[in-house]
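Visitor: I have a structure to go through. Could you take me through parts of it?
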Amino acid sequence: MPDTIQPSLDEIVSLAKRRGFAYQTSAIYGGLANSYDFGPLGVELLRNIKNEWWNEFINKRPDMVGIDSQILLHPQTWVASGHVGSFNDPLVDDVVTKKRYRADHLIEEWVENQNAKGDTKWINFNIEELSLKEMAKFIQENEILSPDGNKVTDPKSFNLLFETSIGNIADEKTKVYLRGETAQGIFTNFRQVLDSTRVQIPFGIGQIGKSFRNEITTGQFVFRTFELEQAEIEYFFNPKNQDWHELLEKWKEQMMNFVVNNLGVRNENLRWRRHSDIERSFYSKDTYDLDYNYSFGWKELWGVAYRTDYDLKQHMEYSGQSLAYRDPHTDEVFVPHVVEPALGIGRAFLMVLTDAYFNDKEKNRIVLKLKPSLAPYKVAVFPLVKNKPEIVSRAEKLYSILSSKFSCTWDSRGNIGKRYLYQDEIGTPFCVTVDYESLEDEQVTVRNRDTAIQERVSIEKLESYIISMLK
Ligand code: GAP
């Protein structure tokens, strides 16, 4: 499959900063690693992505419900889930500078360099298949050094959970963790959802929220962050009635459809990858990643795992509470199994920006060809000039009508050409200009983002025109 030429990460980061999609966090203090704030445009795009997901997977489906659990959960949750013991990355230290690096990333970089030099021995190398010991051996045998050119220690496991403490008694603090995945809030609420709603197996519980991971890798923009937003589903089923392979395949299809149809991403930039036995998380029996062709290579966007009954059983053991389900038709009592599609919203955001970015060299413009439903603004309204009160007030009236139907923006600064270029860069599908003639003929100029074609449309028919074009 030929890879399409993607914009560079620098181009995306620069557009994001220039136009208010995402900024470095605490920039006035020099920034904070792996942390980004979403600006006025970014917050709209992010919300549109989340709304698409929520509508598609929660609102439209009779077999799904949503929850919103806390970031701080009872600390036993993470002992039971296995995260305290096994949620680790392999890290090495530079023996001189003491800087930390991901061992797997150093090895991958080294292998990529060998490939680039034409050494075909490494073409099928897969880092995910190496254990900690094998990584140590690989680093020694190939004399892999840190980016500063120094030797590194053998890799050690480093836990990704962020710790903090709570407590209102002086000197007595309880250690708690910022959640490492939203999924555990779903498992720990399973009984309460069952008891308070009319759901029946098979059904799913979804939630969108922040998780936290102490990631040491830097420089991939919002792809890998300390604070990450996840949209996760635990889909509960009875393995006696439903084949998990089939269910996994069905979810894979739904995930792919969502990315292509709801997020408007090109098919050729997406592919599935199955996890090897070593790579797969401790809780999973089978896992696939939906990878996107990011500027820095094919990387995981969305994972789907068959988590079996691992989590519910662990929580039963640690809490002493039953999380079994009684089938109302057969009276069978069993612990449900789950298939879990887990999406990173930041990664979806970066994918959508990358896929929509278009450098229109012919017309000397950057266009963000976002799916209109995702665009921060659907319509920009311009008065042709700002010193003619009749034009401005007609445009204001139009803005007030249109903004009650669509998300709109207003611009009266600079010349029309510059305003178009700005709206192209932020992905606004339509620009509507009120000019001198509009005062006479009740028509406006509508300019299409993708084609740059301008049409005269009657103000009376404008709303239905935009609706038909947004479809
Ligand atoms: N509950 C399963 C789970 O958390 P995961 O593969 O570790 O699985 C799910 O995470 C998704 O969360 C990933 O597919 C990715 O999109 C996103 N994600 C994971 N770590 C991330 C990070 N440090 N920064 C941004 N997104 C991340």
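**Strands and helices**

Guide: Strand β22 (residues 443-448) and strand β23 (residues 454-458) run antiparallel and are joined by five bridges. Strands are DSSP runs of E with at least two residues, and helices are runs of H or I with at least four, numbered from the N terminus; two strands pair if DSSP finds at least two bridges between them. This is a predicted model, in which local features need pLDDT of at least 70, side-chain atom pairs count only at pLDDT 80 or more, and totals for chains, interfaces and linings use all residues. Residues are numbered from 1 along each chain as its sequence is written, and side-chain values use heavy atoms, with hydrogens and water left out.

Visitor: Which residue of β23 is the bridge partner of threonine 445?

Guide: Arginine 456 is that partner.

Visitor: And which residue takes a positive phi in the hairpin?

Guide: Alanine 452 does, with phi near 65°; the hairpin has five residues between β22 and β23.

Visitor: What is the strand order in the open sheet?

Guide: The order of its five strands is β20-β19-β21-β22-β23, with mixed pairing. The edge strands, each pairing on one side only, are β20 (408-410) and β23.

Visitor: Changing topic, how do α2 and α9 pack?

Guide: Helix α2 (residues 40-59) packs against helix α9 (residues 244-262) at about 140°, with axes 11 Å apart. Axes are lines fitted to C-alpha atoms, for helices over the stretch in contact, and angles run from 0 to 180 degrees between N-to-C directions. α2 is therefore oblique to α9; angles under 35 degrees count as roughly parallel, over 145 as roughly antiparallel, 65 to 115 as roughly perpendicular and the rest as oblique.
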